[in-house]
Structure formats: structure tokens, C-alpha cells
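Dear colleague,

I am passing on the structure below, and my notes on what was found in it follow directly after.

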Amino acid sequence: PYFNTLLRILSTRCMMQALYFCSGTEPEENFFHYGLAASIYTHFTSPIRRYPDIMVHRLLAVAIQADSTHPDMLVSRKVQELCNRFNHRHRMAQLAGRASVQLHTEIFFKDKDVCVEGYIISVQRNALSVLLPRYGFETSLFLCDEQKKSVFTYDEEVPSQTAGNVCLIVFDKVELRIRVEKRELSPD
């Protein structure tokens, strides 16, 4: 039942992160929007949503001479500086969101010890990425023992992880035990 979700995650993960840029500062081949399959694309939505939306509306107003209060919108270097700021702020917001999810996930599981069904969405040399639909998040499952030695053998061609008669590949259903380890933080 989660196959479509797994495919969506895997297909969108390979896409480049969308970035704002001033069209005069990038070659035209960078105008392509992969997700929309559009050869030329500009961000244009309602100006009530985000500051970049307001800037696009201001830029258009200045370009058609309907507004003269923002003449800097016609200077490519200044518009690109704004775009760089938007991209940086967007990235910081994403990182803050991820950190918040991680913190609240650890708080939620603080005094719990649960077994949950998951689906492998990626196999790496030392870990698996597993989607946990019940809780709506993805986690990394590192494949090593307490001495940091892997008990699995990685096959780069497939890719898969094998230990004895167990072979783990993408889309396999697995059961994970989730609990928060209590340990002291070291000053290192």
C-alpha cells in the first residue's frame, strides 16, 4: 500500500533543489523546471504567500512601468543578491524544520520501546534508509555492532546488504525497534 509513496520519495529525491536566480545571471539552460517539465519557468504565485512572491510582482510592475518605487528591481546584480538571500533563508528554514522534527521525534519516543513496520528506500555501504509509515518519517538504520564493525556485506551492484541468509534491498518490508538511548553527552 505504500509503494506509490516510496516511488514518489525516490523520484523526487534525485531532483535538484529549486533555487531563485535572476535570469540575467544564469545561462538559459538553467531555466528548465524538472518537476514541471517546462523549458522556461518563473516563480509566480499570489503575493500573499512569501516575500519572493512579492518581489516577483514588484519586478513585473517595474518592468512594465506600472511602478517606479523599486528601481533597483531592474539591476540584475541587486536582484541576484536578493535571490541569494532567499535561497539561504529557505535552506536555513528547511534545516530548522528538520531539527525540530528530530527533537520532537526523540521527545515522543523518550520513554517508549516499540516495534514498527518499515520499508527500505535506500541501501548504502553502512546503513539503510527506512520509511516508517505509521509515524510518517524516515530514519537511518546503521548496520554495525557495538565495536562499529558491520555484520552485513554490501553489494554495490544490486545494491543490497547481506548477513547469512538475510538479504536486504530497496522496497523490502522490515520491522524495526524504536527507542531513545539515554547517554551522557561528552564535551568532545
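The buried residues of helix H3 pack against helix H2 (51–63), where helices are DSSP runs of H or I with at least four residues, strands are E runs of at least two, and both are numbered from the N terminus. Buried here means under 20% relative accessible area, exposed over 50% and partly exposed in between, with a 1.4 Å probe and protein chains only; in H3 the buried residues are Val-79, Gln-80, Leu-82, Cys-83, Phe-86 and Asn-87.

Please note that this is a predicted model, in which local features need pLDDT of at least 70 and side-chain atom pairs count only at pLDDT 80 or more, while totals for chains, interfaces and linings use all residues. Residues are numbered from 1 along each chain as its sequence is written, and side-chain values use heavy atoms, with hydrogens and water left out.

The structure holds 0 disulfides, a disulfide being a pair of cysteine sulfur atoms within 2.5 Å. The sulfur of Cys-83 has its closest cysteine sulfur in Cys-22, 6.2 Å away, which is too far for a bond. Cys-83 is buried at a relative accessible area of 8%, and Cys-22, at 10% relative accessibility, also counts as buried.

Best regards

Technical notes. Contact means heavy atoms within 4.5 Å.
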